[in-house]
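Open the model in your viewer and get ready to select residues by number. We will go from stop to stop, and at each one you will hear what to pick and what is there.

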Amino acid sequence: SQAAALAQRLDHPHALGLVRFGESIRELLCGRWQTAHSHADQAVQIFRDRARGVSFERVNAQLTSLWALFFLGEIRELTRRVQPLRAEAIERGDQYTVTASGLANLALLVEDEPDKARAQFEATLGKWNTNGFHLPHFWGLLAQSLVDFYSGEHQAPWERMNRVWPELRGSLMLNIQHVRILSLSGTRFGTTGQRVSIATGA
């Protein structure tokens with residue numbers, strides 16, 4: 001791409017990292033998760049080793065890598081990575097990353113601790129801005145749904161999504177196909193009629 005060529009010609013670490021990170025997002029949204037994972041890890045390495053003042057970019061590249069691992073089913077590797085990421089974020093008071101690393105719940109589910117997983121994320125999300133509906137709120141929906149499915153509470157994700165659907169739609173995040181698919185698949189254990197009512201915007 002032109003951006004990649006320009007970044008290479010300038011040999012600018014921040015630009016190189018952003019290009020690779022952007023490529024990882026593209027691959028993730030297109031369902032090419034292995035490539036997304038690889039590109040995101042490369043971006044993390046560039047941000048960590050060659051750039052300065054890019055903690056936000058580095059963290060988001062790490063999160064992209066984690067989501068790629070999630071979709072690849074690489075849960076063991078995901079849990080190995082997400083716990084230290086969350087611990088570092090707590091230590092530096094980075095509430096964005098603490099909330100975004102909701103996949104840390106999986107580590108507790110692997111240990112058969114669904115109650116701890118639910119309590120952990122509810123406490124985390126409770127500290128987030130309640131004005132409007134933001135990406136961390138969406139992460140919260142997904143994290144809570146994982147705990148519900150694990151606990152056999154298959155109706156709960158549908159009920160929760162039904163409550164927040166107007167806010168989610170108002171946030172315009174549903175214009176992102178990836179978010180819309182995740183939102184609808186998160187209710188897949190509801191009845192057919194319920195799924196249709198959400199899908200049609202009722």
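Which residues of the largest nonpolar core touch the most other members? Select Leu63, Leu66, Leu78, Phe133, Phe138 and Leu168: of the 37 residues in this core, these touch the most other members. A nonpolar core is a set of buried Ala, Val, Leu, Ile, Met, Phe, Trp, Tyr and Cys residues joined through side-chain atoms within 4.5 Å. Buried means under 20% relative accessible area, exposed means over 50%, and partly exposed is in between (1.4 Å probe, protein chains only). The elements that give two or more residues to this core include helices H4, H5, H9 and H10. Helices are DSSP runs (H or I, at least four residues), numbered from the N terminus.

Before moving on, a word about the model. It is a predicted one, where local features need pLDDT of at least 70, side-chain atom pairs count only at pLDDT 80 or more, and totals for chains, interfaces and linings use all residues. Residues are numbered from 1 along each chain as its sequence is written, and side-chain values use heavy atoms, with hydrogens and water left out.

Now centre on phenylalanine 138. Leaving aside neighbours within four places in sequence, phenylalanine 138 is in contact (heavy atoms within 4.5 Å) with Phe133, Leu168, Met173, Val179, Leu182 and Ser183. Another core, of seven residues, lies apart from the largest one; Phe21, Ala43, Ala51 and Ala61 are among its members.

**Along helix H4**

Next, colour residues 55-72, which form helix H4. Select threonine 64 in this helix. Is threonine 64 buried or exposed? Threonine 64 counts as buried, because its relative accessibility is 5%. Beyond its neighbours within four places in sequence, threonine 64 is in contact with Phe21, Ser24, Ile25, Leu28 and Ala40.

Glutamate 57 is also in helix H4. This residue is buried yet has no salt bridge, and the nearest side chain of opposite charge, arginine 58, is 8.3 Å away. For charges, Lys and Arg count as positive and Asp and Glu as negative, while His and the chain ends are not counted. A salt bridge is a side-chain nitrogen of Lys or Arg within 4 Å of a carboxyl oxygen of Asp or Glu.

**Salt bridges**

How many salt bridges does a search of the whole structure find? The search finds eleven. Start with arginine 20 and glutamate 23, whose side chains meet at 2.6 Å, N to O. The two are about one helical turn apart, because they sit three residues apart in helix H2 (residues 13-29). Arginine 20 is partly exposed, at 24% relative accessible area, whereas glutamate 23 is buried, at 15%.

Then select arginine 118 and glutamate 153, which form a salt bridge with their closest N and O atoms 3.7 Å apart. This pair links distant parts of the chain, 35 residues apart: arginine 118 is in helix H8 and glutamate 153 is in the loop between H9 and H10. Finish this stop with Asp41, Glu77, Arg80 and Arg81, a network linked by salt bridges.

**Aromatic rings**

For the last stop, show the rings: the whole structure has six aromatic pairs. Rings of Phe, Tyr and Trp (its six-membered ring) pair if their centres lie within 6.5 Å; planes under 30 degrees apart count as stacked, over 60 as edge-to-face and the rest as tilted. Tyrosine 96 and tryptophan 139 have ring centres 5.8 Å apart and planes at 70°, so this pair is edge-to-face. Finally, select Trp33, Trp67, Phe70 and Phe71, which ring pairs link into a cluster.
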